[in-house]
Amino acid sequence: MKNYAIEIKWGIIFFVVSLLWMFFEKAMGWHDALISQHAMYTNFFGLLAIAIYLFAIYDKRKNYFQGKMTWKQGFVSGIILSIVVAILSPLGQYITHEFITPDYFENAIAYSTENSRMEQEDAEAYFNLQSYIIQSVSGALMMGVVTSAIVALILKRK
């Protein structure tokens, strides 16, 4: 466990930043009055996610590998970080949709159906806690692997 303390630390930081981002989205009105803009603006969180991966893998290189790190070592570190993020993501979804923005699913379903983007049944199947938990876990793993590969390539040092 000690070997993965840096990844666990940054996974928790990622978790906290993602909750803060949800507060920000809610405050901006992207979960209710301006929900039509949500799909576009929520993608900006990706920049924060990439920054966290950069800081995490840099931290690993500097403080665990004494400044030298192969691509493989950085990639493995990123994969472990992705697993930590994926493990925490169901809790993050629960906190988000129960406490931060409890009306989000209702608002998203209404917007999607009123604007002919989805049928009611499809919207209800997509906009719910179970669906978002599945999406967050799979997204954390898929995007984490890709981000880890690129960041490890950038940060490798011999």
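The protein has seven helices and zero strands, giving the pattern α-α-α-α-α-α-α along the sequence. Helices (H or I, at least four residues) and strands (E, at least two) are DSSP runs, numbered from the N terminus. This is a predicted model, in which local features need pLDDT of at least 70 and side-chain atom pairs count only at pLDDT 80 or more, while totals for chains, interfaces and linings use all residues. Residues are numbered from 1 along each chain as its sequence is written, and side-chain values use heavy atoms, with hydrogens and water left out.

Along the principal axes, the C-alpha atoms occupy a box of roughly 55 × 25 × 25 Å. Of the 158 residues, 39% are buried; buried means under 20% relative accessible area, exposed over 50%, and partly exposed in between (1.4 Å probe, protein chains only).

Ser148 sits in helix H7 (residues 129-155). Ser148 counts as buried because its relative accessible area is 0%. A polar atom of its side chain lies 2.6 Å from the backbone oxygen of Gly144. The backbone oxygen of Gly78 is 3.1 Å from a polar atom of the Ser148 side chain.

Glu119 belongs to the loop between helix H5 (104-114) and helix H6 (120-126). With a relative accessible area of 57%, Glu119 is exposed. Glu119, Glu121, Asp122 and Glu124 form a negative surface patch. Patches are made of residues with over 30% relative accessible area and no salt bridge, like charges being joined within 9 Å and nonpolar side chains (Val, Leu, Ile, Met, Phe, Trp, Tyr) within 5 Å. A salt bridge is a side-chain nitrogen of Lys or Arg within 4 Å of a carboxyl oxygen of Asp or Glu.

How values were computed: Accessible areas come from the Shrake-Rupley method with a 1.4 Å probe; for residues, only the protein chains shown count as cover. Lys and Arg count as positive and Asp and Glu as negative; His and the chain ends are not counted. The place of a charge is taken as NZ of Lys, CZ of Arg, CG of Asp or CD of Glu. A polar contact is a pair of N or O atoms within 3.5 Å; within protein, one must be able to donate a hydrogen and the other to accept it, and residues adjacent in sequence count only if both atoms are side-chain atoms.
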